[in-house]
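Dear colleague,

Please find below the structure that I am handing over to you, together with its sequence.

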Number of protein chains: 2
Amino acid sequence: MLLITGMGIFDMNSKEILLAHGSGGKASCQLIDKYLLPGLDNAFIRQMDDSVRLPVDGGTILFTTDSYVVDPPFFPGGDIGMLAVNGTVNDLSVCGGKPLYLSLSLILEEGFPLEHFEAVIKSVSESAKEAGVKVVTGDTKVVGRGSVDKIFINTAGIGSLNPEVCFSPGRISPGDAVILSGTIGDHGIAVMLEREGLDMKSDIISDTAPLNKMVSKMMSEADSVRFMRDPTRGGVATTLNEISSRAGLGILVREESVPVNPGVAAASEILGLDPLYIANEGKLIAIVDRNRSDKILDIIREDRYGREAAIIGHVTRDFPGKVVLKTKTGGRRMLEMLTGDQLPRIC
Amino acid sequence: MLLITGMGIFDMNSKEILLAHGSGGKASCQLIDKYLLPGLDNAFIRQMDDSVRLPVDGGTILFTTDSYVVDPPFFPGGDIGMLAVNGTVNDLSVCGGKPLYLSLSLILEEGFPLEHFEAVIKSVSESAKEAGVKVVTGDTKVVGRGSVDKIFINTAGIGSLNPEVCFSPGRISPGDAVILSGTIGDHGIAVMLEREGLDMKSDIISDTAPLNKMVSKMMSEADSVRFMRDPTRGGVATTLNEISSRAGLGILVREESVPVNPGVAAASEILGLDPLYIANEGKLIAIVDRNRSDKILDIIREDRYGREAAIIGHVTRDFPGKVVLKTKTGGRRMLEMLTGDQLPRIC
């Protein structure tokens, strides 16, 4: 069966791995549900969060991992080294954790210039310094020319958990406000334009950034924060779908409230892409108590990576498990989860 | 400068990443010392062990990571899924830890058969079950055809640490016995023969296995165990060089005591390879108090993966930081660290 929607196409009965299986959207979910969870099932992996809570040595830690395969490895505003640190820092942060330690595992293509290698490691080092995390262990593999595209990086991260913080989709209630910490689509468009060598790149740069300091400031309002995610692969639309589905509630998004840089909006229109489905690497979505939403918005806006934060919508019981966009012209349309893969190798 | 030794060749002044940089031998050390440690320096990464000890939430955990890029992903005796679990389990085990949790990050090539994917996940699941560890978090990326060779896997592992265990090279003393837990070269030769499609593969199979149960039995003699490592990339010779260098003592190895399967010995001779430099994936080297070495050897031999364990040599002050092989014919030769890369993509 071919699943065709506005958000892509993929053959659900394919006997091969498809690019869509790595999109973070519907095909990824199918792969995880059908092939990964049955064999690996346990209470931890079923948490299905950006990080997992683990009991260790009398306490609890957060643990997460991500591989980075971005093409090209250097792009306006960042590189694969920054992504690999910030992405994992953010996966720990949005779960309410304090990122402490990272592993760094490099897979390099024979012939990769040492100068580029040095630049990536410098980025890793500077990003770790900014986020206040330590790279504590690592691994380096080299494979022959053509067996990997330049450089892939995996980071795994360990964080401590504030015992008073327990973000979960189960805490989300109708009326809660949906905060987005800034403009969307910057990362995906910056990488896409660089990859395709398109001239219009102008001033669009990736938003890759560590969000742990912003989250740490939000902890003064931890009781009013229900749940957080960072809208990476699949973009804001896919992340909101995951949240609404797990909360069993609907989310209404006001298009006019969603911050988009004019350059990103223009490039998206020319490329036929919807910024709501484009990956971000320095943004978070927080579902918060509406009575504290202005206060929390102020806290986020005080952070250097949250200056353009906005309340973009609210939670409702009207359409459980669905996300609806109220368009600028006053219409309404369903925002589905990403189905195919608009932009492979974006992170 | 071209560094040429019996154990390979590599251009120390290359401006590009070479296969040798991933060998686990001299070029890997150069890459780590020159490019990685200066930028990432901290007390943890300087431990340079198979796993790092980290303070968290009032306790201490062990943390490690490895990427697996073996070619081909399926080989006699195992596959990349088994390797990815057992390798990380063993890195935690040889540091005296009890492996608890693994992350699993997959990088897949578009077009990789789902049937093969399923087989790899089944292996991961079964290996995790055998080792008693849980896969608790993961990530899946898909890249276009030609951007990765079939499937690469990263696992990171977390283990608990027995507070009474403190293996370190600093505890090694002259006279200590060197125990090897079984035959060498099986994994490397099995993969090599499969990769090259050579007919002589006969009964040679990879030794990939989890060693945590063996190590857990050895804990009754923890006081007498000085240090352990698993001789993977670079083989027994490279691992012994690391140990002797870190202990500041020499190691004398008796060639006749080193267990080698006849098939592996024959294949190595034909291929011009030295089993002492070939990767193992289910073996450990333990440096132990000579007064307890027979008892520890008995414990290892009782384990299903240690039946052919042997005392292969001893520590000496005679040639600090060097490893010397006493050959079967009574001669002596230096066993240097691996320089080039005899067998890329072996794990």
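**Strand β12 of chain B and its partners**

In chain B, β12(B) and β14(B) run antiparallel and are joined by 4 bridges. Please note that this is a predicted model. Within that pairing, V253(B) has G313(B) of β14(B) opposite it. Strand β15 of chain B, residues 323-326, also pairs with β12(B), in this case in the parallel sense and again over 4 bridges. There, R254(B) has K326(B) as its bridge partner in β15(B). Strand β12(B) spans residues 250-254 and is mostly covered, with 4 of its 5 residues buried. As background, strands of a sheet pair through backbone hydrogen bonds, either parallel or antiparallel.

**The sheet in chain A**

In chain A, 7 strands form an open sheet with mixed pairing, in the order β11-β13-β10-β14-β12-β15-β16. Which strands stand at the edges? They are β11 (225-229) and β16 of chain A; each has a single partner strand, so one side of each is left without a neighbour in the sheet. From one strand to the next, the twist averages 25 degrees.

One of the pairings joins β10 (residues 177-180) and β13 (residues 285-288) of chain A, which are antiparallel over 4 bridges. In it, I179(A) stands opposite A286(A) of β13(A). Helix α8 of chain A (residues 293-302) packs on the sheet, where it touches β10, β11, β13 and β14 (310-316) of chain A. The direction of α8 in chain A makes about 10 degrees with that of β10(A). Helix α6 of chain A (residues 235-247) lies across β10, β11, β12 (250-254), β13 and β15 (323-326) of that chain, and runs at about 150 degrees to β12(A).

Helix α8 of chain B covers residues 293-302, and its buried residues are S293(B), I296(B) and I300(B). Seen down the axis of α8(B), these buried residues fall within an arc of 65 degrees, so they line one face of the helix. On the face of α8(B) turned away from the buried side are the exposed residues D294(B), D298(B) and E302(B). The buried residues of α8(B) pack against several elements of chain B, namely β10 (177-180), α5 (212-218), β11 (225-229), β13 (285-288) and β14 (310-316).

In helix α7 of chain B (residues 262-271), the residues G263(B), V264(B), A267(B) and S268(B) are buried. Viewed down the axis of α7(B), the buried residues lie within an arc of 130 degrees, so they line one face of the helix. P262(B), E269(B) and I270(B) are exposed on the face of α7(B) that is turned away from its buried side. What do the buried residues of α7(B) pack against? Their packing partner is α4 (186-196) of chain B. Just after α7(B), G272(B) adopts a positive phi of about 70 degrees.

**Leu343 of chain A**

L343(A) lies in the segment that follows β16 (332-334) of chain A. Is L343(A) buried or exposed? L343(A) counts as buried because it has 23 C-beta neighbours inside 10 Å. Leaving aside neighbours within four places in sequence, L343(A) is in contact with G188(A), M192(A), I278(A) and A279(A). L343(A) and L273(A) are 70 residues apart in sequence, while their C-alpha atoms are 9.3 Å apart in space.

**How the two chains meet**

Chain A superposes on chain B by a rotation of 180 degrees with 0.0 Å of shift along the axis, at an RMSD of 0.0 Å. This is the relation of a two-fold axis. The C-alpha of chain A nearest the axis belongs to V148(A) and lies 2.1 Å from it.

The contact takes 70 residues from chain A and 69 residues from chain B. On the side of chain A that touches chain B, the elements giving two or more residues are α1 (26-40), β3 (52-56), β4 (59-68), β7 (97-109), α3 (114-131), β8 (134-143) and β9 (151-161) of chain A. The largest share of that side, 10 residues, comes from β8(A). By class, the side comprises 34 nonpolar, 23 polar and 13 charged residues. Of the interface residues of chain A, 99% are also interface residues in chain B, so the copies meet through the same surface.

With kind regards

Notes
Residues are numbered from 1 along each chain as its sequence is written. Chains are lettered from A and ligands numbered from 1 in the order in which they are written. This is a predicted model: local features need pLDDT of at least 70, side-chain atom pairs count only at pLDDT 80 or more; totals for chains, interfaces and linings use all residues. A residue is buried if 20 or more other C-beta atoms lie within 10 Å of its own, exposed if 12 or fewer, and partly exposed in between; C-beta atoms are placed from the backbone. The arc is that of the directions from the helix axis to the C-beta atoms. Two residues are in contact if their C-beta atoms, placed from the backbone, lie within 7 Å. Ala, Val, Leu, Ile, Met, Phe, Trp, Tyr, Cys and Pro count as nonpolar, Asp, Glu, Lys and Arg as charged, and the others, Gly among them, as polar. Copies are superposed by least squares on the C-alpha atoms of residues with pLDDT of at least 70 in both. Two strands pair if DSSP finds at least two bridges between them. Axes are lines fitted to C-alpha atoms, for helices over the stretch in contact, and angles run from 0 to 180 degrees between N-to-C directions.
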